[in-house]
Amino acid sequence: MRRLLLILPAVLGWLAITWFAGIRPGLLLLLGFGFGAALSGARFGFTTGWRNLITQRDPWGMVGQMILVALCALLAFPLLNNFQDEIVGAVAPITWSLVIGALVFGFSMQLADGCGSGTMYKAGASSPTSWAALPGFVTGSFLGASHLSAWVHLGGPLEFIDGASSKQPTDLIKIFGIQSALLITLGLCVAVAVISIAVSAREHRTKARQLPSIAPRWLWGAIAIAVLYALHLLVAGQPWGVVYGLGLWGAKAFSALGMDLSADAFWGIAPHADRLIEPVLWDVTSVTNIGLLYGALIADRWHQPKSATTPWPSASQLVIGVLAGLAMGYSSRLAFGCNVGAYLGGIASASLHGWVWFAFAFIGSIFGVRARIRAKIV
Amino acid sequence: MTRGVILFWSIAIALIALDSRYSPVAFRVEPPALAIGSGEISSSGHCSGR
C-alpha cells in the first residue's frame, strides 16, 4: 500500500506534465525520477565521495565517480560528434570565474553536505538541511547567472599562458578528433582513480589496515546514472543539468515579486528571457529537477518509511545550510555549472573546463572539510 | 518528517500551478519527443552558460 502511495503521484505527475507540457517534458520527468532514484538508492554522493577520500582515505567514491564520468564520455562523445545539428554539449571557456566559482563551490558543498545533485536528492529524500539549503541555492543561482557576464569579462588564465582568448571553450573533440579526445578523457579518469587508490592504500598500509573493497552501490549507481545521462542527451539534446533550473526558479520568483529583469545581462536576453515568461514545466532542467526530487523520495521510502522521530539539525546547522546553499548557487553559475553540469557534463562533453572545475572544486573541498570539522558539523 | 514531506510537496505543487496559470506565454509548438532525429538544435538554457 505504501509503495502504491509512492508510485501513484509519480504516474499522475507524469500524465499531467505530458498532457499540459508535452511528450518530451513527460519523458524528462521520467528521467528525473530515474536520476533521483539512482542517486538516492545508491547514495551516489559526489560530496561524501570526496570527503571520504580526504578524511578516511576511502577512494571508492572517487573511483565510482570516475567510472561514471568515463561511461558518460563513452556514450556521449559519439552522439556529440555525429549529431551536431541536434545534440549540443556542455562546453564552456576556462575563465577566472570558473576557477573562483569551482573553489567556492567545492568549499561550500562540504558545509552543506551536498553538491548540486546531492542537495536535490537529499531534499527529495526529506533532509531538513537540504530543505534549508535549497532556497539559498535558488537565490544564489539566480544572482550568479545575473552577474555571470561581468565575471567572464575578467578573462582567464589561458590568456597569460598562450595569449588565447579566454572566451572560447577548449573542445577536445574539435582539437584532437573523437578518438584522441576519448583516449585523453578515459586516460585522465583512470589516472585519477589509480592515484586515489594508491594514496589510500599507502595510508592504510602505514596504519597496518587493509583497504576495504569497493561497495557495489558505487558500481551500479555509476552504470544507472550513465545510462540515464545518455538517454537525457537523446531526449533533451543537451547534457543533464541542475543549477540552470534552480536559477530560473529564482528569476521567476523575483520577477513575480515585481523585479524588472528585462535589462538583466543574463535573464533579459534569449533564450533565458523566453524561459522566464514560459511555464516552468517547459524548461528542460526544471522538469528533470522536479522528477529528481520525487524519484529520490521514492527510493528513500521504498523499503521502509522514514522514522517520524528523525532528529532535526540544530538552528546553526540550518543557517550554515542556507548560507552554503547561497554560496553554492552563486559559485556554480560562475563555474558554468555544478558537479552535474560542469564536472560530469563538461568532461563528458570533451570540454577541458570540466577537468579544471574538478581540480579546483576538489581543492576547495579540502578546505571545506576542515571548516566542517571546525564547525562541528556531523 | 512525513508532515514536512507533505508541506514541501504542497508548496512545490502550488508554486508550479501558480506559475502555469500566470505565465504570460501559454501556447507553443510542441517540440518533437526526442531531440535526436528531430533536425532541431536545443534552444533550452543550460548551466554551462548557453
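**Exercise 1.** Find which residues Lys122(A) touches, leaving out those up to four places away in sequence, then work out whether Lys122(A) is buried or exposed.

*Solution.* Keep in mind that you're looking at a predicted model.
- Step 1: With close sequence neighbours set aside, the residues touching Lys122(A) are Asp113(A), Ser127(A) and Ser130(A).
- Step 2: Look for its place in the fold: Lys122(A) sits in helix 6 of chain A, which covers residues 116–124.
- Step 3: Its relative accessibility is 17%, so Lys122(A) counts as buried. The cut-off you need here is under 20%.

**Exercise 2.** Follow the salt bridges: which residues are linked in a network with Lys122(A)?

*Solution.*
- Step 1: The network of salt bridges links Lys122(A) with Arg51(A) and Asp113(A).
- Step 2: Zoom in on one pair. Asp113(A) and Arg51(A) meet through their side chains, 3.0 Å from N to O.
- Step 3: Asp113(A) belongs to the loop between helix 5 (96–112) and helix 6 of chain A, while Arg51(A) is in helix 3 (residues 46–56), so this pair ties together parts that are 62 residues apart in sequence.
- Step 4: Check the accessibility. Asp113(A) is at 23%, so it counts as partly exposed, whereas Arg51(A), at 12%, is buried.

**Exercise 3.** Now cross over to the other chain: how many salt bridges are there between chain B and chain A, and where do the partners lie?

*Solution.*
- Step 1: The count between the two chains is 1 salt bridge. Over all chains, the whole structure has 6.
- Step 2: The partners are Lys252(A) and Asp19(B), with their closest N and O atoms 2.8 Å apart.
- Step 3: Lys252(A) is in helix 12 (residues 243–256) of chain A and Asp19(B) is in helix 1 (residues 2–22) of chain B, so the pair joins two chains.
- Step 4: Lys252(A) is buried, with 12% relative accessibility, and Asp19(B) is buried too, with 15%.
- Step 5: Step back to the whole contact. Chain B puts in 36 residues and chain A 59. Together they bury about 3800 Å², 64% of it on carbon and sulfur atoms.

**Exercise 4.** Head for the largest nonpolar core: which residues have the most contacts inside it?

*Solution.*
- Step 1: This core has 109 residues, and the ones with the most contacts inside it are Trp240(A), Trp267(A), Tyr343(A) and Trp357(A).
- Step 2: Helix 4 (residues 60–82) of chain A gives the most to this core: 11 residues.
- Step 3: Pick Trp240(A) and list some contacts beyond four places in sequence; among them are Phe35(A), Tyr229(A), Leu344(A) and, from the other chain, His46(B).

Terms used
Residues numbered from 1 in each chain as written. Chains lettered and ligands numbered in written order. Predicted model: local features only at pLDDT ≥ 70, side-chain atom pairs only at ≥ 80, totals over all residues. Heavy atoms only, no water. Contact = heavy atoms within 4.5 Å. Buried area = accessible area lost by both parts, 1.4 Å probe. Salt bridge = Lys/Arg side-chain N within 4 Å of Asp/Glu carboxyl O. Core = buried A, V, L, I, M, F, W, Y, C linked by side-chain atoms within 4.5 Å. Buried < 20%, exposed > 50% of the residue type's maximum accessible area, 1.4 Å probe, protein only. Helix = DSSP H or I, 4+ residues; strand = E, 2+ residues; numbered from the N terminus.
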